[in-house]
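User: I'd like to go through the labels on this model and hear what backs each one up. Can we start with the charged residues?

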Amino acid sequence: QVQLVESGGGSVQAGGSLRLSCVASGYTYSTYCIGWFRQAPGKEREGVATRNTGSGNTAYADSVRGRFSISRDAAKNTLYLQMNSLKPEDTAMYYCASFATYTGSWCDLLPSTYNRWGQGTQVTVSA
């Protein structure tokens, strides 16, 4: 059974930084798309950053490009999201999600593409 467990959320002032972690377990495939998504109250869930575990290719939402960085420690089966220069509009529940794929595939930012989800970790950025 695939499990994704997020951690690292919290409250921070605008301009600050946080690093989110997602520990993945139970995978039977060697390659998958894995990424970070977020959902603010009253808004739809949106993609933040994704990564292909085989190729290492990444994708970022325009709203976070240059401020956020997605990375992975394969030995620890852990995905990270380094968030710098945080803004109040980054406030949301952040989720880790994945689906099995192949090395050359493009990992898009559409939440509907992903079929495994964690429980989320809250990020709150105050002005």
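User: Why is Arg65 called partly exposed?

Analyst: Keep in mind that this is a predicted model. Arg65 comes out at 48% relative accessibility. Buried means under 20% and exposed means over 50%, so Arg65 at 48% lands in between and gets the label partly exposed.

User: And what makes Asp62 exposed?

Analyst: Asp62 has 66% relative accessibility. The cut-off for exposed is over 50%, so Asp62 counts as exposed.

User: How do you know that Asp62 and Arg65 form a salt bridge?

Analyst: Their side chains meet with N to O at 2.6 Å. A salt bridge needs a side-chain nitrogen of Lys or Arg within 4 Å of a carboxyl oxygen of Asp or Glu, so the Asp62 and Arg65 pair qualifies. It's one of four salt bridges in the structure.

User: What makes Arg67 and Asp90 a salt bridge?

Analyst: Their closest N and O atoms are 2.8 Å apart, and the limit is 4 Å, so the pair passes. Both residues are buried. The pair links distant parts of the chain, with Asp90 in the loop between β8 and β9, 23 residues apart from Arg67. The Arg67 side chain also has a polar atom 2.9 Å from the backbone oxygen of Ser63.

User: Which other residues are in the salt-bridge network with Arg67 and Asp90?

Analyst: Arg38 and Glu46 are linked with them in that network. Arg38 pairs with Asp90, the closest N and O atoms being 2.9 Å apart. Arg38 lies in strand β4 and Asp90 in the loop between β8 and β9, so this bridge ties together parts 52 residues apart in sequence. Both Arg38 and Asp90 are buried.

User: How do you know which residues Met83 is in contact with?

Analyst: Contact means heavy atoms within 4.5 Å. Leaving aside neighbours within four places in sequence, the contacts of Met83 include Arg67, Phe68, Tyr94 and Val123.

User: Where does Met83 stand in the largest nonpolar core?

Analyst: That core has 26 residues, and Met83 is among those that touch the most other members, along with Trp36, Val48, Phe68, Leu81 and Tyr94. The largest share of this core, four residues, comes from β3. Apart from it lies another core of six residues, among them Cys33, Phe37, Ala97 and Cys107.

Note on methods: Residues numbered from 1 in each chain as written. Predicted model: local features only at pLDDT ≥ 70, side-chain atom pairs only at ≥ 80, totals over all residues. Heavy atoms only, no water. Core = buried A, V, L, I, M, F, W, Y, C linked by side-chain atoms within 4.5 Å. Buried < 20%, exposed > 50% of the residue type's maximum accessible area, 1.4 Å probe, protein only. Helix = DSSP H or I, 4+ residues; strand = E, 2+ residues; numbered from the N terminus. Polar contact = N/O pair within 3.5 Å; in protein donor to acceptor, adjacent residues only side chain to side chain.
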